[in-house]
Amino acid sequence: MKDVYEIMKEQNIKLPKAPEKGGLYSPAKRFGKNLVYISGCGPVIDGPVKGVFGKEFTKEEGLEIARNAMLNVLAVLEAEIGDLNKVKQPVKILTFVASDNSFDAQPYV
């Protein structure tokens with residue numbers, strides 16, 4: 001199996017610092033010794049994101065926003081387990097970006 005950090009380097013992917021705990025939510029919760037649940041990771045990396053996909057943000061900007069949310073998920077997971085190479089099988093990976101009710105061109109990546 002190829003090193004996840006090598007793959008990220010090849011694709012020019014850099015993880016941000018894991019976001020701070022927000023409100024009552026813990027960013028990571030362990031269940032048993034082999035399952036980690038990550039929750040509440042928004043797309044904030046370079047500052048707040050306000051608005052909705054299809055109204056304030058274009059499709060391309062929405063893709064970047066969703067990507068940033070996923071980078072935050074990975075950063076939280078790395079902070080919790082120390083090394084992303086320890087991940088053997090994800091159970092579910094999901095990020096959300098708010099969309100305007102009239103917007104129907106959400107990309108499925």
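Start at Ile-81, which lies in helix H2. Helices here are DSSP runs of H or I with at least four residues, strands are runs of E with at least two, and both are numbered from the N terminus. A word on the source: this is a predicted model, where local features need pLDDT of at least 70, side-chain atom pairs count only at pLDDT 80 or more, and totals for chains, interfaces and linings use all residues. Residues are numbered from 1 along each chain as its sequence is written, and side-chain values use heavy atoms, with hydrogens and water left out.

Back to Ile-81. Is Ile-81 buried or exposed? Ile-81 counts as buried, because its relative accessibility is 15%. The cut-offs are under 20% relative accessible area for buried, over 50% for exposed, and partly exposed in between, with a 1.4 Å probe and protein chains only. Leaving aside neighbours within four places in sequence, Ile-81 is in contact with Arg-30, Val-36, Lys-86 and Val-87. Contact means heavy atoms within 4.5 Å. Tyr-25 is 56 residues from Ile-81 in sequence, and the two C-alpha atoms are 18 Å apart.

Now the core. Which residues make up the largest nonpolar core? There are 9: Met-8, Ala-28, Ile-38, Cys-41, Val-73, Val-76, Leu-77, Ile-81 and Leu-84. By nonpolar core I mean a set of buried Ala, Val, Leu, Ile, Met, Phe, Trp, Tyr and Cys residues joined through side-chain atoms within 4.5 Å. H2 supplies the largest share of this core, with 4 residues. In soluble globular proteins, nonpolar side chains tend to be buried together. Take Leu-77 from that core. Beyond four places in sequence, Leu-77 is in contact with Val-36, Ile-38, Gly-82, Leu-84 and Val-87.

At 2% relative accessibility, Asn-72 counts as buried.

Step back to the whole chain. The protein has 2 helices and 2 strands. From the N terminus, the order is α-β-β-α. The C-alpha trace spans about 45 × 35 × 25 Å along its principal axes. Of the 109 residues, 19% are buried. Consider contacts between residues at least 6 apart in sequence: 69% of them join residues at least 24 apart.

Next, the strands. S1 and S2 run antiparallel, joined by 4 bridges. Two strands pair if DSSP finds at least two bridges between them. Across the pair, Ala-28 stands opposite Ile-38, and Lys-29 stands opposite Tyr-37. Tyr-37 touches Pro-27, Ala-28, Lys-29 and Phe-31, setting aside residues up to four places away in sequence. Tyr-37 and Val-73 are 36 residues apart along the chain, with their C-alpha atoms separated by 9.9 Å.

Most residues other than glycine have a negative phi. Asn-12 is not a glycine, yet its phi is positive, about 55°. Asn-12 sits in the loop between H1 and S1. At 57% relative accessibility, Asn-12 counts as exposed.

Last, the pockets. On a 1 Å grid over the protein atoms alone, a pocket is an open set of points where a 1.4 Å probe fits, with protein on both sides within 12 Å along at least five of seven lines; lining residues have an atom within 4 Å of a point. Grid points are joined across faces, edges and corners, and the volume is the space filled by probe spheres set on the points. The largest pocket has a volume of about 1,700 Å³. It is lined by 50 residues, and Met-70, Val-73, Lys-92, Ile-93 and Leu-94 are the closest to its centre. Which element gives the most to that lining? H2 does, with 11 residues. The lining divides into 33 nonpolar, 10 polar and 7 charged residues. In this count Ala, Val, Leu, Ile, Met, Phe, Trp, Tyr, Cys and Pro are nonpolar, Asp, Glu, Lys and Arg are charged, and the others, Gly among them, are polar.

The second largest pocket holds about 200 Å³. Among its 15 lining residues, Pro-43, Ile-45, Asp-46, Glu-64 and Asn-68 lie nearest the centre. That lining has 8 nonpolar, 2 polar and 5 charged residues.
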